[in-house]
Amino acid sequence: MTLTARGLTLSVEGVDHLRDITLDLRPGRIYTVIGRTLAGKSSLLRVLAGLQRVDAGTLTQDGTDLLQVPVWRRDTAMVYQQFINYPHLNVFDNVAFPLRRAKLSGEQVRLRATESLAKVGLSDFHARKPSQLSGGQQQRVALARALARRCKTLLLDEPLVNLDYKLREQLREEFRELFSGVGDSVVVYTTTETTEAMMLGDEVIVMHEGRIVQTGTPAEVFDAPATTTVAQIINEPPMNIIPGTVTGGRMRLNDLGAVDLPAHLAGLPDGPCQFGLRATDLSLSSSEGLRGDVTFVEISGSETFVHVVIADIPMVVQLEGIHDVSLGDAVLVTIRSDRLFAFSAQGDLLVAPSEQGGR
Amino acid sequence: MAQLELLDVGHCYVPGEGEDRWALKPLTVTFEAGKTYALVGPSGCGKTTLLNILSGLVSPTRGRVLFDGADMTRRSTRERNIAQVFQFPVIYTSMTVYQNLAFPLECRNWDSRRIDAKVRTVAEALGLGDRLKEPARKLNADDKQLISLGRGLVRDDVAALLMDEPLTVIDPQLKFSLRRRIREISEQFRPTVIYVTHDQYEAMSFVEELLVMKDGQVMQQGTPEELFESPRSAYVGYFIGSPSMNFLDVTQDGSGVWLAGQRLAMSWQPPAARVPAEASGAGAAQAGVLQAGIRPEYVRLASAPGPNTFPARLQAVRDHGPLRVLHVEIGGQRLALKLAREAGVPHGDTLLVELPRAKVLPYVGGQLATVVAG
Amino acid sequence: MSRAYLTFKYAFIAVWASFVAGPFVWALTTSFKDANGVQGGATYLPWVDYKPTTRGWQDIFGGEGGVNVIQPFLNSLQITVLASAISLVLGSLAAYGLSRYTYRIGRMKNADIVFFFVSQRIMPPIVLVIPFFFLLQFAGLLDSIPGLVIVTVALLLPIAVWVMVDFFNNIPREIDEMAMLDGCHPFAAFVRTILPNSLPGITVAAMFCAVFGWNDFFFAFRLTFTEVQTLPQAVVALNSSIPPWWTLSAASLFGISPLVLLAVWVERYLSRGNLAGAVR
């Protein structure tokens, strides 16, 4: 039942969408694909679904060459980021549609559709048309339709991106429950958000410019991002990357004065390198630290992201809670050097700070 | 820029409807000149009605609208002299960037030298200084939206800038830069801005004060920090912050407040004599319930028993990346708390959590019990 | 809004309404007149202004000295219904293809192909009628209902395609994709999910087809002789050196009656169709 992709490559009108994608997607596991917009996430899903032809590569499942199987004979369900339902059918018929196409008995159809709608909390809405539902409810219908089929492959393309924040929070939590009931399906879920990728995925696949740049458990990827690019994609706000040099056991961040290497970086070879620091490992202080100017303040959830410029390096400081920080203010920023990541000048991970939290 | 005042303004779309069903229940608000405000709330909360009353598209069922003290209630949109930015960029596709920005001034017969200076200043601020000659239709969506904004900024005499979900059609990747631009521009030009959005975090990222609305009422007005630190109602506590504020049912007797059989100290004591339950509707049963509210950010894991520490059972751990959200249970009630990633996942499912006294707020019937009634 | 403006607005609407309705009222009253009734100026009130008679109506249903329009009516009905149905079926299929797949004919792409369809209606009809004449002659279909059906389909198809392409373009592609993922063959996806969601569009297309098909005079006039006569031809044939206005009026009213009934019946679909096209 493993879905095996080898060397999938796709370019449309000279633009590369997928480059040499090789993956083994095992049943019963949830894969979250994280990447920026246009990283190739949607293309990958469309290829897995059979909606998009590829230029090269193979895709097999149970020994079948899936690329030879047309969409309508594959056993794949998909949830789009727009709320796609059949507008002319009511909620129940929407969910029943694929079941009827699969020639299930009337009783089976009724049972499965009812059960699936109950799971997403829409038991009281069977007779409504999708247009009479809120965005969140419409997406629940789409999800119920996908779940009712019990497909071998379940694909979700940024299903929460068009919902408002509180709904996202709520559905994110519900998805965990819903996915735990999908048995031996392969679930692939694309997102741009760290929280979704970390919370929902058994494994995280990081994509950038059509390539897979890292795969692993959420903790593996988050705690040891293979490159600076991965470090920036998997962190929200993106990890601060600071050019620096190492000379004789001392390090220098950009133009700042040289300091002793922290213990965990002791083995670093001399030469130019890049240091990475999560926004959570910077903080504002009233008494000591590096002088920075506030250029922008963003609030996300319960966190305040303070964008500062320190010695010409733009950095983001993440504060817990919501704080009123004014633009243009001069602030003092303290850096936790024991939390520094070291990357080579080319951007490959050299040393990551140790994590107590690995599961 | 003008100060905008709404005096006892209310609106209903169905004439003769009971006041409790009005789209906007009578309220009095002052928007100070040069400050930025956001109206936030779920769809149907009345925020768009309020905006339309300010712009003159809707004439309120009752109350008065004042701009710098002058009564504007029955004046048309044009007479109110406001600039608006809508969800979709409104630009003249046949014109260049320059012509787009100059158009509102040409319509007001400014002389060309004055127009030129003003257009260049604004274009510079928008970051479009070197693209003035380009046809406007060639710009991407966020630059187009900047031009819509710029057309409001070129006029010195605009009373206020009203923005209705201006980032809706903007690609998520571009939202950040556009948000930052708009914030910088409003710092530079200091217009009175009323910004409408359903995204509370987007709003908090660039206004000075928020008005959280629900069911046609303003639930709370304040800075983002105020809304976060002391939400005046359980709704605001839920709406602002992620995860939402925790609310735990507690009991009160002569000796104090009790949670799960233990004493709970609060930042201030709730009024002993409870506000009597309002004798109407289903809310009556809820009206007198006393709850303790605390943000997940402020709940701590404790290593040893102490004041305000409670034994809790670990129910679930959610990995959010740099931090984890722990769902625990105290005496059958759910509580979320945030834990830094480096703290690791606690061993075993029995924990001790501390609810710091200074951060626990009393709520009676879903309202912050700030005023001692009776 | 000022009172003067309101007054002006309603006055304008009243003038426009009478401008539009006037000819109908005139035709309606005239159809109940006779030679005496149409003498002198226009009169509108029966029994007061003139003596009503059903002479005109008798004439068109086989009365003495008149022409029976029943057979032409049935001919027109057959041709319009058949041609519209064929055009809608072929047109929606063609339009779906043009909306969902990319075609290339030399340098022409989808949009050019759609324009190519419509451009047939830009040509003066006289240019088309000559080849049609020879084609039908070759097939032995001149002066026959099948022949006219074929010609009418050729005339209606561009309209159907043009209306439907626009409509299908407004239905998200994800809906057919979803249907295919749900186990539908592309044709089944079209029939089960796209067609039911384009009812307003189909109605608009059908309405256009019915109107154009029903009102065609030119092609029927050139491509039939004695065997087949359509209603517009029959109405024109009623004319003579002294126009029998009452008979002509009755025939015209009878001629437009199916369209009026159709319009009333589909009105709700039609307005939804217009709306759906407008809110893009």
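At what angle do the axes of helix α6 (residues 145–169) of chain C and α9(C) cross, and within what distance do they come? I began my notebook with this question, after noting what kind of model I had open.

**Entry 1: the model.** I am working on a predicted model, in which local features need pLDDT of at least 70, side-chain atom pairs count only at pLDDT 80 or more, and totals for chains, interfaces and linings use all residues. Residues are numbered from 1 along each chain as its sequence is written, while chains are lettered from A and ligands numbered from 1 in the order in which they are written.

**Entry 2: α6 and α9 of chain C.** I looked up the two axes and found that they come within 9 Å and cross at roughly 155 degrees; axes here are lines fitted to C-alpha atoms, for helices over the stretch in contact, and angles run from 0 to 180 degrees between N-to-C directions. The helices themselves are DSSP runs (H or I, at least four residues), as strands are (E, at least two), and both are numbered from the N terminus. The angle makes α6(C) roughly antiparallel to α9(C), given that angles under 35 degrees count as roughly parallel, over 145 as roughly antiparallel, 65 to 115 as roughly perpendicular and the rest as oblique. I also noted that α6(C) passes α9(C) in a right-handed crossing; a crossing is left-handed if the near helix is turned anticlockwise from the far one by less than a right angle, and right-handed if clockwise. Among the residues that make the contact are Leu155(C), Ile159(C) and Phe167(C) of α6(C), and Val204(C), Phe208(C) and Phe212(C) of α9(C), where contact is a matter of C-beta atoms, placed from the backbone, lying within 7 Å. The residues of this contact divide into 12 nonpolar, 3 polar and no charged, with Ala, Val, Leu, Ile, Met, Phe, Trp, Tyr, Cys and Pro counted as nonpolar, Asp, Glu, Lys and Arg as charged, and the others, Gly among them, as polar.

**Entry 3: α3 of chain C.** I then turned to helix α3 (residues 70–100) of chain C, which packs with helix α9 (residues 199–215) of chain C at an angle of about 140 degrees, their axes being 9 Å apart. This crossing of α3(C) with α9(C) is right-handed, and the residues that make the contact include Ser76(C), Ala83(C) and Gly91(C) of α3(C) as well as Ala206(C), Ala210(C) and Trp214(C) of α9(C). By class I listed 9 nonpolar, 7 polar and no charged residues.

The axes of α3(C) and helix α11 (residues 231–238) of chain C come within 7 Å and cross at roughly 150 degrees, which makes α3(C) roughly antiparallel to α11(C).

**Entry 4: strands of chain A.** Strand β1 (residues 3–12) of chain A pairs with strand β2 (residues 15–25) of chain A in the antiparallel sense over 7 bridges; two strands pair if DSSP finds at least two bridges between them. Ala5(A) stands opposite Leu23(A) in β2(A), and in the hairpin, with its 2 residues between the strands, Glu13(A) takes a positive phi near 50 degrees. I found β1(A) joined by 5 bridges to strand β4 (residues 56–61) of chain A, again antiparallel, with Gln61(A) as the bridge partner of Leu3(A). Gln61(A) is also the bridge partner of Thr64(A) in β5(A), and β4(A) and β5(A) form a hairpin in whose turn Asp62(A) has a positive phi of about 50 degrees.

**Entry 5: how the chains touch.** Which chains have the most contacts between them? Among the 2 pairs that touch, I found that chains A and B do, with 33 residues taken from chain A and 31 residues from chain B. On the side of chain A, β16(A) gives the largest share, 5 residues, and that side divides into 10 nonpolar, 13 polar and 10 charged residues. The contact of chains A and C takes 17 residues from chain A and 14 residues from chain C, and there the side of chain A divides into 13 nonpolar, 3 polar and 1 charged. No contact joins chain B and chain C, whose closest C-alpha atoms lie 11 Å apart.
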